[in-house]
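Open the model in a viewer and keep the selection panel at hand. The stops below go from the whole chain to single residues.

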Amino acid sequence: MNQAPFFTLIIWTLAMLLPVSNANSQPVDIDAQIAEFKLRQQPQISPSDVSFTIRFVNDQKQFRQGEIIRLEMLFASSSPETYRLDTATYDRRGRLDMDTFHIEPNTGFTDPMRDHLGIWGGGLRGSAILKEEPELIVYELNEWFRFDQPGKYRLSLTSPRVSHKDHPHSYFGGDIVLTSNLVEFEIVKPEAGWAEQELQKILKALNGSSDRRAACRALRFLGTKEAVPELVRRYGQEDAFEFYAGLVSSPHRDLVIETMAARLAAPDQAVSSSWFYMLVRLSSPSWWTPESYDEQQAKVYRERYNEISSQAKAKYAKQLAKTVALKTGKARAISLLTLFELERDKTKRPDISTFFSELPLKEQRRLLEYEWKQISSPTLLPTLRRLYQPRASEKIENKEDKNDRTKLRTLALQRLYELAPVEGRRLILAEMKRSEPRVELPALTLLPDETLPKLDQVFIGYLEKGWVSDTHGALVERYGSPNLYAQVSALLAEEVGQMVCTEQSQLLAYCLRINAAEGETLLRRALTARERTRCYSGVLSKVAELHFTPEVEKLALEMLEDSDTNVVISAVKVLGKYGSDKAEAPLWKKLEQWHQTWNGRERELKTAFNNEAIRNQSSLEQALQTALAEAPGWLATPKELNRLKQLCVTESAKNTVTQLLEQWGDKFTLRFTLYNDEWGRAEIGHYELKSLASLKQKLAQFPNGTVIRWQTANNNHLEEVKEDLFRTIQAFLAEREMRLVR
């Protein structure tokens, strides 16, 4: 029997935005990777008390080209409670690549997604204990096979989904590989009119309110020329992956390109960035070699792709710029945004304020949240005001819509405050006075004031009227003056251990800020109040995140010996993230105690799926390993990391420390990458420092006499800025009897 390796250990090395190949390219041969995988797994012989059967839904044996082919996989065992099944299910957008299809003859079909080498996201995973009654998993074969020639075929599968119950699950399955039975089926040409009827049925569903996801998939798999215009028109709308996959896998690649190029000028076609680059990619050859993974050959393909795709990009951008005036509404706005993002010369970009309001809400939110540095301009002030002050006629259709608009209003107020601080401050203060602010905390906490005494009565009103929510609590914690202390401490004294966790932590942080000694007493009570809620297990970390003080550190050190492992884990994380160098020795002591108890019991730690107490011990090891290796408060050089590795018990923890060790090399090297719009990223050893202050804190922990090498990335880019930084760090180290050399 021939093997068709269309769904086995695919090397997911490219993101979705990377190029796809022309329709005539052949699938990559990955037999070597499959063989290596099987050798590595060393599966057991299929046990006799486990069965793996495949069958077609409704026992259908004949399918038209373009018809969905549903295959059922059934797993069962005559020895209940002995085996576990990985029930992962997903389509080609996920990381599902465990089962292997065997089909003969091995001609007449192709992998429709051979050009898709990216991951859109993780697949849905779960597990089940096998019983005599079969567990069912359904595949749609169209995901992996497009039958281009009618004929009779035979199919079987091998699957590593089943493992012994106590076997630790891995990404690729368990410790057993099963082989299914053989099924036969026939692919036939559709009768006259079937494809057209199917298309009309699909379009009716897409335009109605029935199962749209199923209709999207049906359109994707149909594979006819008549389906191409609908795929092109709808790409970028609902269920983007299905339409993306339909375009990538279409047997009519030339028609797809021709249709997309023509639609550039269509008044109703929204040419989004993803839509535009899909056209560019489909028009360009792939950079990867279909026949081998030869590095030199891949380089040639990559250079050819870069050249042709650049030409295609310039060509289609020019066409879009000429015809964008023909578009209307959202189609025009989205197309203008694409031109805005394509144009590197800021002086030639379209004025984003002229079309921002017509963009979809999700695009407006993306631009304000993630692309603000690129679009920031005083011309957007009128737009920001409109977004912040909703129209009276604005309709909120559902909770999701309300949340989106609240987030957008929050972003608008944040950006308005940046562009017009006086106006923004007035609006922020007005929001705080509302019983229910219309914006979220990121906007409300922007003001630089340490306290806002003028709002004391407003904050007291929160407490007296029972309005204390996470928003109100955050405002009291952030801006509350000492005038509120009597009311806040009285409330906590009465209700600590009974309040909602978030609000309790916020008010405790406020008390620590105003009166550290009494705040410590209240926090201790919250840690020991364990009857009404479970807030005690996380209160340390929540308070520390808001206001870390010596009192919080003192309590965290005490909690290292608590009887509740969850409290210990919380204390370890707090000390690792915020603790001073005083916390280092107690954490080493805790790890040594843990090692004494659990050394030699790795299997127990790895296989205790249903034992929460032992799972917590694994979490404690991870927390201690992270705290000791990565804490800002002290230095973990290779000497400390090697000690840490010896005290870890599980292989995963040891491997993590090994990876950290590998980043040190034989010399201390400070590697710096500078970015245009922000400070950049500094790396020394396994530490990554994202600000000059954090870098200085870490460098100060190296011993006197240390020599550190300077290394930068992005040569010939912002060299003057790099030189200034070099001199700054050099002087800082010299004050501590250390040297920075090139």
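The tour begins with the whole protein, then visits the cores, a strand and a disulfide.

This is a predicted model, in which local features need pLDDT of at least 70 and side-chain atom pairs count only at pLDDT 80 or more, while totals for chains, interfaces and linings use all residues. Residues are numbered from 1 along each chain as its sequence is written, and side-chain values use heavy atoms, with hydrogens and water left out.

**Whole protein**

Show the cartoon: the protein has 30 helices and 18 strands (DSSP runs, H or I of at least four residues for helices and E of at least two for strands, numbered from the N terminus). Of its 742 residues, 48% are buried (under 20% relative accessible area; exposed is over 50% and partly exposed lies in between, with a 1.4 Å probe and protein chains only). Switch to a surface: the accessible area is about 36,300 Å², and carbon and sulfur atoms hold 48% of that (Shrake-Rupley method, 1.4 Å probe; for residues, only the protein chains shown count as cover). Among contacts (heavy atoms within 4.5 Å) with a separation of 6 or more, 72% are between residues 24 or more positions apart.

**Cores**

Select Leu523 and Leu540, the residues with the most contacts inside the largest nonpolar core, which has 167 residues (a core is a set of buried Ala, Val, Leu, Ile, Met, Phe, Trp, Tyr and Cys residues joined through side-chain atoms within 4.5 Å). Leaving aside residues up to four places away in sequence, Leu523 touches Leu508, Leu512, Val539, Leu540, Val543, Val552 and Leu555. Next select Ile54, Ile103, Ile137 and Phe147, which are included in a second, separate core of 30 residues.

**Strand E4**

Select residues 83–86, strand E4: Tyr83 and Leu85 point one way, Arg84 and Asp86 the other, and all are buried. In a regular strand, side chains alternate between the two faces of the sheet.

**Disulfide**

How many disulfides does the structure hold? There is 1 (a pair of cysteine sulfur atoms within 2.5 Å). Select Cys501 and Cys535, joined at an S to S distance of 1.9 Å. The link is left-handed, with -85 degrees about the S-S bond. Cys501 lies in helix H19 (residues 501–514) and Cys535 in the loop between helix H20 (516–528) and helix H21 (539–546), 34 residues apart. Cys501 is partly exposed at 27% relative accessibility, whereas Cys535 is buried at 6%.
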